[in-house]
Amino acid sequence: MILTFIQLFTTFFTIGIFTIGGGYAMLSLIQAQVVTVHSWIDEQTFTDIVAISQMTPGPIGINSATYIGYSTIQAMGGGELLSVLGSFTATAAVILPSFIIVLAIARAYDKIKENRIFKGIMDNLKPAVAGLIAAAALILTFSVKWSGIPGLSDVEISIMGENFPDWKSWVLFGGTFFASFRMKTSPILLIVIGGIIGFIIY
């Protein structure tokens, strides 16, 4: 159990270090580590956790870490107190790198923000962030099997199936996307309506 706590901390600390672009960019890294590498939770549980994290207040990446920390320890037979400690461990680990980095560069940012090298790095990170967010969207929509992660040149991605339970979920997804993208409907209203519709049809 102690080893799991150490792995939780080191895993989420590493994710926190290499995540640029916010919580959605973080999801593909979290999925790769907790589902594929460590097998702490399965694909469906990860999708459920992300859905809950989106609906609860706070950044989705941090919320996901909190739920995953709890679920991981609970699945290993830990009691309520240990599961809460797992939540704290994962949450603290994913926040700590950003806290340290921001603390370190806060005073120097005004001096380096116009630096040519710094601006070049930030500009070239934008496509990578877009790719991570797109990967998160695919992971949430489909059950994706990753292989060869340690050697990036050997990475293979296989779509094993879809995470949506049936055609009604696709209709709900399509309607929500249209209402958000074209009609600019409030996300809060979409969440409430989606929850009500889901409760009725399922």
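**Close-up views of a predicted helical model**

α1 and α5 are roughly parallel to each other, because angles under 35 degrees count as roughly parallel. The model shown in these views is predicted.

**View 1. The crossing of α1 and α5.** The two axes come within 7 Å and cross at roughly 30°. The crossing of α1 and α5 is right-handed. From α1, the contact uses Phe5, Leu8, Phe9, Phe12, Phe13, Gly16 and Ile17. From α5, the residues include Leu82, Leu85, Gly86, Thr89 and Ala90. Across the contact of α1 with α5, 13 residues are nonpolar, four are polar and none is charged.

**View 2. The crossing of α2 and α3.** The axes of α2 and α3 cross at roughly 150° and come within 11 Å. Angles over 145 degrees count as roughly antiparallel, so α2 is roughly antiparallel to α3. This crossing is right-handed. Tyr24, Leu27, Ile30, Gln31, Val34 and Val35 of α2 meet Glu43, Phe46, Val50 and Gln54 of α3. The contact of α2 with α3 holds seven nonpolar residues, two polar and one charged.

**View 3. The largest nonpolar core.** This core has 21 residues. Phe12, Ile30, Val34, Ile41, Phe46 and Ile68 touch the most other members. At least two core residues come from each of α1 (2–18), α2 (23–37), α3 (43–55), α4 (60–75) and α5 (80–105). α2 gives the largest share, five residues.

**View 4. The surroundings of Ile41.** Which residues does Ile41 contact, leaving aside its neighbours within four places in sequence? They are Val34, Val35, Phe46, Ile49, Ile68 and Ser71.

Notes
Residues numbered from 1 in each chain as written. Predicted model: local features only at pLDDT ≥ 70, side-chain atom pairs only at ≥ 80, totals over all residues. Heavy atoms only, no water. Core = buried A, V, L, I, M, F, W, Y, C linked by side-chain atoms within 4.5 Å. Buried < 20%, exposed > 50% of the residue type's maximum accessible area, 1.4 Å probe, protein only. Helix = DSSP H or I, 4+ residues; strand = E, 2+ residues; numbered from the N terminus. Contact = heavy atoms within 4.5 Å. Axes fitted to C-alpha atoms, helices over the stretch in contact; angles between N-to-C directions. Parallel < 35°, antiparallel > 145°, perpendicular 65-115°, else oblique. Left-handed = near helix turned anticlockwise from the far one by under 90°. Nonpolar A, V, L, I, M, F, W, Y, C, P; charged D, E, K, R; others polar.
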